[in-house]
Amino acid sequence: MKTHKKLENNEIIFSLNSKIYPRDVIFKACYTFIDRVYIFLDNPKRNEITVSFKGKKILTKKQLNSLKGEFANELLNAILRKDISKKNKKILEYVVGGAITAALEKPEENKGPENEDDVEIKKIEKEIEALKKELESEGPEDTGDDYESDPLGIMKTQ
Amino acid sequence: MKTETRLEFNKNLYTLKSVKSASRAYRDFVNFKITDHEKHIDVAIRFAGKTEDAEKIIDEFKNYVLCADIQHELN
C-alpha cells in the first residue's frame with residue numbers, strides 16, 4: 001500500500017494492488033468507512049487502484065493515518081470473508097435447499113402428535129362405521145307393511 | 001455565483017447506471033451533464049451557490065455513486 005499524497009486538504013490518497021485486493025473486496029471495505037469519510041476510487045494503471053479518503057470533519061494527520069490503517073485491516077477482513085463464503089457456498093446451498101424442501105412438503109406429513117379432539121373424532125367415526133356394517137349384515141328390515149301378512153294371527157278365515 | 005466542476009469516474013470501478021442514479025438523486029441541487037467515454041464517465045457539474053457547499057455536494061455525490069455501485073453489486 002503506497003501513500004501518494006497525504007494529509008493535504010484533510011485528505012489521504014493511497015494506492016492498492018488490484019491483484020491482491022480485488023475490486024469487490026475494496027468496495028466492501030469502503031462501504032464500512034462511508035459514514036466517516038468521503039471516498040473516491042480511481043484506476044490510473046492496470047493493476048493499481050487509488051483510494052482517496054477525505055474526512056467529513058476536520059481530521060489530524062494522525063487520525064488520517066489511523067483511518068488508512070483501519071482500512072487496510074478491513075480489506076483483510078473482507079478478503080477472509082470472501083474466502084470463507086466461497087468455501088461454505090455448497091454447504092449453505094444444501095442447508096437452504098433442504099429447509100425449503102421441508103417447508104414445501106404436505107402439511108399432513110408434517111403434523112405432530114394428534115390432540116385429544118382428533119382422537120375422539122376418530123373414535124366416533126370408527127363406531128359409526130361399525131354400526132353401519134352391523135346394519136348392512138342384518139339385511140333389509142321386515143316392516144310388515146304387506147297387507148296380506150298376519151304376524152299376530154288376527155285374521156279369521158270363513 | 002455559478003460554480004462548475006468536472007469529475008471522471010473510471011469504468012473499471014464505477015458504472016454508468018450508478019452515476020445516473022446518483023445524478024438523479026442530486027438533480028434538485030445541481031445541473032449535470034454526463035458523457036460516456038470508452039474508459040471513463042465524464043460528469044460536468046454546474047451549480048449556483050456557495051463554493052463550500054459545492055465542494056460538500058460533490059463529495060457527497062461521489063459517495064453516493066460508490067454506494068449505488070455496491071448496492072448494484074449486491075443485487
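This section describes the interface of chain A and chain B and the aromatic pairs in a predicted model.

In the interface, 16 residues of chain A are in contact with 17 residues of chain B. The buried area is about 1,700 Å². Carbon and sulfur atoms give 58% of that area. Three residues, F27(A), Y38(A) and F40(A), supply 37% of the area that chain A buries against chain B, more than any other three residues.

Polar links also cross the interface. Three salt bridges are counted between the chains. One of them joins R23(A) to E73(B), with the closest N and O atoms 2.6 Å apart. Polar contact is found for 12 residue pairs. On the side of chain A that touches chain B, helix 1 (23–33), strand 3 (37–45) and strand 4 (48–55) each supply at least two residues. Strand 3 of chain A gives the largest share, seven residues. By type, this side of chain A holds 10 nonpolar residues, one polar and five charged.

Over all chains, the count of aromatic pairs is 13. F9(B) and F61(B) have ring centres 6.0 Å apart and planes at 70°, so this pair is edge-to-face. The pair links strand 1 and helix 2 of chain B, its residues lying 52 apart. F9(B) is buried, at 0% relative accessible area. F61(B) is buried too, at 1%.

Y26(B) and Y64(B) also pair edge-to-face, at 5.8 Å centre to centre and 85° between the planes. Here the loop between helix 1 and strand 2 of chain B is linked to helix 2, across 38 residues. Y26(B) is buried at 13% relative accessibility, whereas Y64(B) is partly exposed at 35%.

Definitions and conventions
Residues numbered from 1 in each chain as written. Chains lettered and ligands numbered in written order. Predicted model: local features only at pLDDT ≥ 70, side-chain atom pairs only at ≥ 80, totals over all residues. Heavy atoms only, no water. Contact = heavy atoms within 4.5 Å. Buried area = accessible area lost by both parts, 1.4 Å probe. Salt bridge = Lys/Arg side-chain N within 4 Å of Asp/Glu carboxyl O. Polar contact = N/O pair within 3.5 Å; in protein donor to acceptor, adjacent residues only side chain to side chain. Helix = DSSP H or I, 4+ residues; strand = E, 2+ residues; numbered from the N terminus. Nonpolar A, V, L, I, M, F, W, Y, C, P; charged D, E, K, R; others polar. Phe/Tyr/Trp six-rings, centres within 6.5 Å; stacked < 30°, edge-to-face > 60°. Buried < 20%, exposed > 50% of the residue type's maximum accessible area, 1.4 Å probe, protein only.
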